[in-house]
Amino acid sequence: MLLLYAAVLVVCAATSPKNESQPSRNAFLTVQTILAEGYHAETHHTVTKDGYVLELHRIPYGKNGNAGAENRPVVLLMHGLLGASNSYTLYGPEYSMGFNLADAGYDAWMGNARGTKNSRRHTTLDPDSPIDKFQFFNFTYEEIGLDDVPTMVDYILNHTRQERLHYIGHSQGGTVFLVLNSMRPEYNRKFASAHLLAGVGYQNHFPHSQLLKLARFTDVIYPLAVSLGYVELYPPNSTVAINTNNNSSFCAGFTYFQNICEKIPLTSDDIDMNLIGGASLKQVAHYGQNIRDKAFRRWHFGTAKNLQVYGTETPPKYDIGKVTVKTTMHYTPNDLVLDERDVLAMANDMPNADVRRVKRDSFGHEEFVTAKDARELVTEHIIEALAQAHPIEESEESIEVGTEDMEEEEEPNAATTDKLKNRFEQYCGCRSRSEVHRTQLMDPVHSSSFKTGNAVKFRLEDTFGGRPPYVPVVPSIVNLTPLATVTPPAG
C-alpha cells in the first residue's frame, strides 16, 4: 500500500468524511463473506492495554472440515498498511489465503490493527470526535507491533489453549512482526514459525525513486496535515476521491509536488479499493522517515525530544538480530517498495531466517494477497512449510455438524444457563436465547452469528449489534468465550 504514499500525503482532504456529523459505522463484512462461501466463521474482540478494541476474524476449519478436531495448528494472518482482515478472504476460497489455510487443516485467525474499519474503537476515545481523534490516531506501526499483535497472540493462544502459533504477515504485517520480536524478544517463543510476504523493514535501497523524493518532505507534510486536522486515512464514511486512471486529480492545488505526484504509476490495476481498510496518517509518515533516513528505526521526534524519549539524538534502530523465530522472507524483484538487497540484508541479520524469491519476476508487492496465481506461487509453499513444522494429524472420522449433532450436546448446568441469560440481557437487550436468534436474523448486516450445519451459535463477545464508533468496554466482558447454542425454528 505504500504505492499510495504520495497520493495520501498530498490529498488528505480527499479522504475526509463528507458528513462529519454522522457517526462512522461502516465495517468490512469479512465474516459475512466467509459465511457466504459456506464456511464456519467467528468474530472475536480483545482490548489492548491502551484501550483499543481489536477485532479478529476466524475460520477454525475448512468447508468440509471436522468441527470436533482439537489442537489444529493455529495461524495468525496480519494485513499490510491500509489493509484489513479481508486481505485474506476477499477473493474467495479459490484464491484467498485464509480459506486455503482452513481447507488445509489450519485454524486461521485474521487480525485487524487499530485504526482500521474493523478495529476503529476504543474504551474511552471517540475517533469521530474533533478532539479525541488526535489522540486516537497518534500511533505508528510501532504501537501495532508492540501492543496490537501481542494482545492478539495472547488472546488466540488463551482461547485455543495452545502454546505457540504460526504467523503470516504481508507488508506492514511483516514490519510489526519484526518490531515486536526485536523489542519484546520474550514473544519469540510464542511463534512456531513466520512467513513474511514482502515484509517491509530495511530501507537502504528503496526502489521507487519518485516516492523517495517525496519522503524527504515527510517532516513538513505530516505536521502540516495534522495542523489542518487530518490524522486518518480513508475514514469509514469518506467518499474516496480517487481517479485511479488520472493521477493529476491527486495533485490539484499542490503545484510544488505536482511533477512528482503525476509520475507515480497509480492505476486501477495497482489498487483494489475494496482492500482499503484505513490507517493513521502517522503510520505512513513513519515509513516516510525510514525511507528518507535509509534506516529501520523508531519514530523520529526531532533531536530535543529524541534525547528526552530515547536518550539519544537519533531514534534507536530495531535490532532484528533478536528475532529468533524460524522466519521465511518471501519477496519479488518487481517490488516497488522493498528492494531485494534489503530483504537479503535482513535475513542475514536474523539468526534463523531464510529467503524465498517468488517464481514470477513480474509479481508485485500487492499480489501476495491479490494475484490469482498467489496460491500456486506463495500459499502452497507456505502450507507445505507449515506441514513440515507442525504435521496435522488426520481424525479417524469426519463428522458433519448440524441440527442432529447439536441436539446430542450436553445442556449447560443451571448456573451457566443463568450466567448466559444475564449476559445476553445486559449486552443485547434480549430476554431469551430464542429472541437473540430472532434479533440477529433481523439484522444480518451487523450480525456476528455464524452457522454450523443447520444450527446457529452466538458468542457473548459478538453481541455488539450495530456497534457504535466507540464503546466503553470492560475487558473481562469482551473476552468472554462461552457459547450459547440455538436451533432455528422450523420453517
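**View 1. The salt bridge between R360 and E367.** R360 pairs with E367 in a salt bridge whose closest N and O atoms lie 2.9 Å apart, the term denoting a side-chain nitrogen of Lys or Arg within 4 Å of a carboxyl oxygen of Asp or Glu. R360 is partly exposed at a relative accessible area of 21%, and E367 is likewise partly exposed at 21%, where buried means under 20% relative accessible area, exposed over 50% and partly exposed in between, with a 1.4 Å probe and protein chains only. This is a predicted model, in which local features need pLDDT of at least 70 and side-chain atom pairs count only at pLDDT 80 or more, whereas totals for chains, interfaces and linings use all residues. Residues are numbered from 1 along each chain as its sequence is written, and side-chain values use heavy atoms, with hydrogens and water left out.

**View 2. The salt bridge between R114 and D148.** The side chains of R114 and D148 meet at 2.7 Å, N to O. Because R114 lies in the loop between β4 (107–111) and α5 (132–136) and D148 in helix α6, the pair ties together parts that are 34 residues apart in sequence; helices (H or I, at least four residues) and strands (E, at least two) are DSSP runs, numbered from the N terminus. Both R114 and D148 are buried.

**View 3. The salt bridge between R58 and E42.** In this salt bridge, the closest N and O atoms of R58 and E42 are 3.0 Å apart. R58 belongs to strand β2 (residues 53–59) and E42 to strand β1 (residues 42–47). R58 is buried with a relative accessible area of 10%, and E42 is buried with 4%.
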